[in-house]
Every structure is written in C-alpha cells, then in structure tokens.
Amino acid sequence: IIDGIKQAQASNKTPAFAYVRVSSDKQEDGNSLEYQEKKAKEYSEREGLYLIHIFSVIESAKKENQIVFNTMLDLCDKLGLKHLVFKSLDRMTRNLIDFARIEKKIIKNELIIHLFQDGKIYNEDITHNEKFELGIQALLGKFWSDKISYDVRKGNLFKAQNGIAQYRSPYGYIYDLENKEHLIDKVSETDIRFIFDEFD
C-alpha cells in the first residue's frame, strides 16, 4: 500500500482505496465482486484516481463494526488517504453505526466518498439535501436487511414447528413436502451409487 501511494504520487494521481462487497458467493453478476472491481477500476481511471488497493469481502453489511471495512477506514486515518470508491451506498454498509462513522469523516473533510453506480461524490461540501439522501438510503438498507432476517427466522420457525425441512435436501435426495421426508432423487441416483460403489 505504501508503494502504491508513492506510485500514485509519481504518476501525479490521487491515491484511493476501493471496497467491493457481496453478501454471499452466489451473488448475481450485477453485484459480483468481479463486476464491482472492474467498474471501480474503470471509474478510478476516468476520475484520475490511482487505486492502490481493493478491499474485497464476502459478508453481510448489516452487522456493526465490519472488520475489513473498519480496517480500511483505520488505514485511511493512518496514511492520510481520503478517497474511497464504492459501487453504491448499499455495497458500502447497511448498518447505522458504520454509516455514522463514514458520515462524520465526510463532514470533517477526512474522507471523500465516490459511488460510481450513482455518479455521486460526497465531500466536506455535502449539502443538507445530500445528507438527507444518504441517511434515507442508509435507513432503507437497514430496513431491508432487518426485514429479510425477520422473514427468514419466522419461516424457519414455522417449518420447525410443522416438521418441514428448513434447508435443501443434500445432493442425491429430494424433499417430499406431502410426506415430509427426504427421498432418493432418481435423477442423481446413478451418480451417487457409482460414487458409493467406487469409494465406500
């Protein structure tokens, strides 16, 4: 990272970090790590930013004090680096604690936030309207995270109380909803029996 800052200075470009995040390794292409990295690089090139490191994580942003996210912010403090590139606020954070830390740093001119999907840049000149806009987006992100979590818990509780399998059947089986039991999947049975016969 130190070498990257020196290279940025030698190139007369502004050093920056990018942060890309997905909630799971099955995220759709529009939010995939590869997609976000590619777009962050393209954006940085256009804006004269020199990406010295891309922080890439697979984790939910609804939990407070995300480790990689806050490590990145700590490095910004330590190195005096201001520019952070994200796809969108949703990819940045979905909890109000980490959002509050970012907002405070913007106001104190410690960070400049780039959201390349929205074409937005937030710096110390942030207006009350922009603060309101960011705040609303942060609250909406938290709302949807809370809603999904609530729905999943309620759905799993209902299944448990009614003897329904909460998760998918393991490979080689299908779940019979009517009789509430796992059955051998005729489609994959040949493959599974071959594996058992060869290796058991």
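1. Leaving aside neighbours within four places in sequence, Glu59 is in contact with Tyr19, Arg21, Val22, Ser23 and Gln66. This is a predicted model. Glu59 sits in the loop that runs between strand E2 (49-58) and H3.

2. Take Val22 from that set of contacts. Along the chain, Glu59 and Val22 are 37 residues apart, yet 6.2 Å separates their C-alpha atoms.

3. Is Glu59 buried, partly exposed or exposed? Its relative accessible area is 22%, so Glu59 counts as partly exposed. The cut-off for buried is under 20%.

4. Gln66, one of the contacts of Glu59, also belongs to the loop between E2 and H3. Gln66 has a relative accessible area of 3% and is therefore buried. The side chain of Gln66 makes a polar contact of 3.4 Å with the side chain of Tyr19. Tyr19 is itself among the residues in contact with Glu59.

5. Now the helices. Helix H3 covers residues 67-79 and helix H5 covers residues 96-107. Their axes come within 11 Å and cross at roughly 20°. H3 is therefore roughly parallel to H5, since angles under 35 degrees count as such. The crossing of H3 past H5 is left-handed.

6. Which residues make the contact between H3 and H5? From H3 come Phe69, Asn70, Leu73, Asp74 and Asp77. H5 supplies Asp98, Arg101, Ile102 and Lys105. By type, the residues of this contact are five charged, three nonpolar and one polar.

Conventions
Residues numbered from 1 in each chain as written. Predicted model: local features only at pLDDT ≥ 70, side-chain atom pairs only at ≥ 80, totals over all residues. Heavy atoms only, no water. Axes fitted to C-alpha atoms, helices over the stretch in contact; angles between N-to-C directions. Helix = DSSP H or I, 4+ residues; strand = E, 2+ residues; numbered from the N terminus. Parallel < 35°, antiparallel > 145°, perpendicular 65-115°, else oblique. Left-handed = near helix turned anticlockwise from the far one by under 90°. Contact = heavy atoms within 4.5 Å. Nonpolar A, V, L, I, M, F, W, Y, C, P; charged D, E, K, R; others polar. Buried < 20%, exposed > 50% of the residue type's maximum accessible area, 1.4 Å probe, protein only. Polar contact = N/O pair within 3.5 Å; in protein donor to acceptor, adjacent residues only side chain to side chain.
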